[in-house]
Amino acid sequence: MAPADSGLQPVLCGEVRTSVLRTSEALTARTAVQLLNLRPDEHVLLSERPNLRVVSPQLLTGVDCRLPAAGGSRPRAVGTVAARAVLTEGRVLQTSAFARLVPSEGSHRRAWGHYLLRPGVVEPLARHQARDVVDGFLAAAPLPGGVLNPGAVAERLLDHVLRHRLLDQRAPFKSGRTRLRWAALPAAEGAGASIERFTVAADGLRTVALRTPVADPAAVAALCEDLALHDWLLTTLLALVERSRLGSGDGEAVLAALRPLVDHLLHLWMPGARVPDGLSGVWETLEKQPGFSRQWQTLVQRIRDQVAVQTAPLSRRVLASS
């Protein structure tokens, strides 16, 4: 059971933006590090197993705002929102902004030095109900002006990285951005991570409500970045397959439309591979319902079957002429 006084529970919240990198060729590890070297005083993190993943240094944005709350009471909050950029296989760019809401020890704002010593922490200056804040934050409607909005921080960072001189601004295929807004409350004592709900609003906003035994915002953000990455991959694959007129269009035109999928997307599917310990239960739930990997594998098999059907006549003609 959750603690009786839910108003004192810390709330983790954030938002992830996901987009294809605007460059014709996937970046190498070296150029990816150059792209995400956003702070000269800190190192870019690079990992090559199980796939190439590059993470920028953490950036901080000071906020003095109101908390979004479903009940209408919007206490003032002050602190810093942490943000970072993540590049997967030199091709898919994500920006993630997040914070941990921790009740302030007083009701008055302190000097900025106090908040800078607590990176990624936002302190409400009045009593609040954690569930009320979560419900207000995850509301499908756009967040009103003047309230805590990590998504705006993530959007600015995404636009900044996409304008980098290393990018030739020629993406290999057309795709949209996706937005995943998340909030997490503490799990019951002894319980693992769980997902309370996953929704897709009419405007494409994804919202995720979690219960986690992990209080580290960066760890929960890594889980949500993984969810957002695979949601974007599935959404993009569905859109490109529909656009290719798979199974009904001209064979060569279909192959031309499918090639970017084979070259740039199909090998990126690794759900849960980088999810921190203690949080993997969330992926287990999503694999049961709605079944992300099941839908992905069905689409991939359909693409491969179509490629085989379309290339078989070409292979026979080449053999006959040799």
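The protein here splits into domain 1, residues 11–229, and domain 2, residues 235–317. Before going on, note that this is a predicted model.

Start with how the two domains meet. Their centres, taken over C-alpha atoms, are 27 Å apart. Domain 1 puts 29 residues into the contact and domain 2 puts in 25. About 2,200 Å² is buried between domain 1 and domain 2, and carbon and sulfur atoms account for 70% of that area. On the domain 1 side, Phe173, Leu223 and Asp226 lose the most area to domain 2, together 23% of what that side buries. How many salt bridges are there between domain 1 and domain 2? The count is zero.

Next, helix H4, residues 150–162. Its 13 residues span 19 Å from first C-alpha to last, close to the expected 18 Å. The buried residues of H4 are Pro150, Gly151, Val153, Ala154, Leu157, Leu158, Val161 and Leu162. Viewed down the axis of H4, these buried residues fall within an arc of 160°, so they line one face of the helix. What do they pack against? The partners are strands S1, S4, S5 and S6, together with helices H1 and H3.

Ser19 is found in strand S1 and counts as buried, at 6% relative accessibility. Setting aside neighbours within four places in sequence, Ser19 has contacts that include Leu158, Leu162, Arg177 and Trp232.

Now the salt bridges. The count comes to 20. Arg17 pairs with Glu155, with the closest N and O atoms 2.5 Å apart. Arg17 sits in strand S1 and Glu155 in helix H4, so this pair ties together parts that are 138 residues apart in sequence.

Arg177 is partly exposed, with a relative accessible area of 32%.

A last pair: Arg211 forms a salt bridge with Glu196, the closest N and O atoms being 3.0 Å apart. Arg211 lies in strand S10 and Glu196 in strand S9, so the parts tied together are 15 residues apart in sequence. Arg211 is buried at 17% relative accessible area, and Glu196 is partly exposed at 37%.

How values were computed:
Residues numbered from 1 in each chain as written. Predicted model: local features only at pLDDT ≥ 70, side-chain atom pairs only at ≥ 80, totals over all residues. Heavy atoms only, no water. Helix = DSSP H or I, 4+ residues; strand = E, 2+ residues; numbered from the N terminus. Expected span 1.5 Å × (residues − 1). Buried < 20%, exposed > 50% of the residue type's maximum accessible area, 1.4 Å probe, protein only. Arc of directions from axis to C-beta. Contact = heavy atoms within 4.5 Å. Domains from an automatic or database assignment. Buried area = accessible area lost by both parts, 1.4 Å probe. Salt bridge = Lys/Arg side-chain N within 4 Å of Asp/Glu carboxyl O.
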